[in-house]
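The following note sets out points for study, to be read alongside the sequence and the coordinates.

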Amino acid sequence: MGREGTAERRAGLANRIAVWRAGRVAAATGFVSQPEPRSMGLYARGKQLVSGNILFAGHLVEAPGALLWDIPAPDAAFAAEAQGFAWLDDLVAVGTPEARRIAQGWTRGWIDRFGNGSGPGWSPELTGRRVIRLLHHAIFLLHGQDKPASDALLTSLARQTAFLARRAGAASPGLPRFEALTGLLCASLALIGMEDHVAPATSALVRDCTREIDAAGGIPTRNPEELLEVLTLLTWAARALAEADRDIPPELGQAIDRIAPCLRTLRHADGGLARFHGGGGGVDGRLDQALAASAMLKPPGHLAQAMGFIRLSAGRTSLILDAADPPSGAASATAHASTAAFELTSGRRPLIVSCGSGLSFGPDWRLAGRATQSHSALAISGYSSSRFGTSKQPGALGDSARVTALNTWADSGAEVYVAHDGWSATHGLTAGRRLSLSTNGRLLTGTDTLTATTPAEIARFQDLLTRSKLDGIAFTIRFHLHPDVDATLDMGGTAVSMQLRSGEIWVLRHDGRAHLSLDPSVYLETGRLRPRPAWAIVLTGRARENETRIGWTLAKAQDTPTGIRDIGREDPVSL
């Protein structure tokens, strides 16, 4: 067995010992004050659970009336989602007597079956996630219950809190440890008899705020959705401290103040997050809730930077560009080869997107979602700008693209130029991208280049052409479209017209130096059973000279109104 397997076995043994010791602590005698629900769920997803359609980690199980714990878990991800209790948010969002009955039954079933420390749910991060939900929805769960049921919940919460007091610090740095520490802190503040854990939990949370959140509010993984979850946890922790009349450590408040403007920069005009490095758009409404809780609602300017991303915005249009090196080391496990890729949203409607994270659709989709070809960027055929290696960590990045140039302007509209060396070692080529967004947000002008710049790069590029006898190096520039966009080849195949559900029409044209096509694509969205079919605009060409330059424009059609009333909403959950 390898080192990772040995480490997992040691962690599992340590967790079991901690659970056994936690079972010897005195039970909590009650709540310090009436808990309030803070975590938000989705009504549509809750209705699916009530009807017996359980969709966890990309697996759909139809089991009307079944106890969740009687359902065999298809894989570890399904089991983790069940054990984390996030489904409790969705059942509370429904709020009917039937939803309450299911929530109470599943919770009591977990206590009876796993409360003694058995099962896969006794890791620090899952325990923290579960404790937070049980605290937030305690009143919902205790409504109409008898004393034995109430005592069982309090006893379980005390045991889980004592477990976290021993093991929260062993969680992996980043989001897992923030979940564990926040769960410990909130439980220590909420439960009578757990007060002794408040000070050490607060100190540990402060240390991680200082170590894991940089001066600009970013985190090592550069995952926007993960950063949102961290902010949400920190605002919950700060609120719990304030309601308990305890001082909020300055480091905690400063961390929230750093993260909030960073997330505001990564927020598209439709309220969703940029989908890079393993993250999705975020739970519907959670971003705005977190920003409101942090008192950070001021929008960024026309050009803003955060966590290695650049945001251009004007009029109804927002664009977010990945303008930094991919995450490295331990933070690279979900990193994407997305350097110089962008997403664009008009009003409430996404237009240009990334395919997204394939984590919930299996290992093949996971790798596919990380490739440069799954992003709206230039890619040399057969090569991502960063390659994945397995020598030190499965799925980690091997040779990574480095940003070699970065310039921004904001005098006339918003403009940015970024270059990276992702294909310098293999092809002798540096990739560059210049984007300019007009002041009214109706025109995006782009130029993509492949250049052999230094003498070494020129020699490598020319040698590759000579040895391989190729008619140039094949490359593509992809613009992945959101599934709701209707796209049509137009003007004799020289342009693509795109219509959004709001009625807006956008047109992409190019300078004639590449071949234009509409190719099938996918949209990978967590919470769905399978990838959604979509389309991608693809510009195909060959690099034959030391510099290859492709120009293109993305513009609203002239007859598209300046202001559009777009109030339609779709069901956020669809099986």
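1. Among contacts in the protein between residues at least 6 apart in sequence, what percentage join residues at least 24 apart? The share is 68%, where a contact means heavy atoms within 4.5 Å.

2. The structure is a predicted model, in which local features need pLDDT of at least 70 and side-chain atom pairs count only at pLDDT 80 or more, while totals for chains, interfaces and linings use all residues. Residues are numbered from 1 along each chain as its sequence is written, and side-chain values use heavy atoms, with hydrogens and water left out.

3. The C-alpha trace spans about 75 × 55 × 45 Å along its principal axes.

4. Of the 575 residues, 54% count as buried (buried is under 20% relative accessible area, exposed is over 50%, and partly exposed lies in between, with a 1.4 Å probe and protein chains only). In soluble globular proteins, nonpolar side chains tend to be buried together.

5. The largest nonpolar core has 95 residues, and Trp87 and Leu234 have the most contacts inside it. Such a core is a set of buried Ala, Val, Leu, Ile, Met, Phe, Trp, Tyr and Cys residues joined through side-chain atoms within 4.5 Å. Helix α11 (residues 224-243) gives the most to this core, with 11 residues. Another core, of 48 residues, lies apart from it and includes Val416, Leu437, Ile477 and Leu554.

6. Leaving aside neighbours within four places in sequence, Trp87 is in contact with several residues, among them Leu49, Phe56, Trp69, Glu81 and Trp106.

7. Alanine 57 is not a glycine, yet its phi is positive, near 50°; it is placed in the loop between β1 (53-56) and β2 (59-62). At 14% relative accessibility, alanine 57 counts as buried. Aspartate 245, also not a glycine, has a positive phi of about 60° and lies in the loop between α11 and α12 (250-265). Is aspartate 245 buried or exposed? Aspartate 245 is exposed, with a relative accessible area of 72%.

Key:
Helix = DSSP H or I, 4+ residues; strand = E, 2+ residues; numbered from the N terminus.
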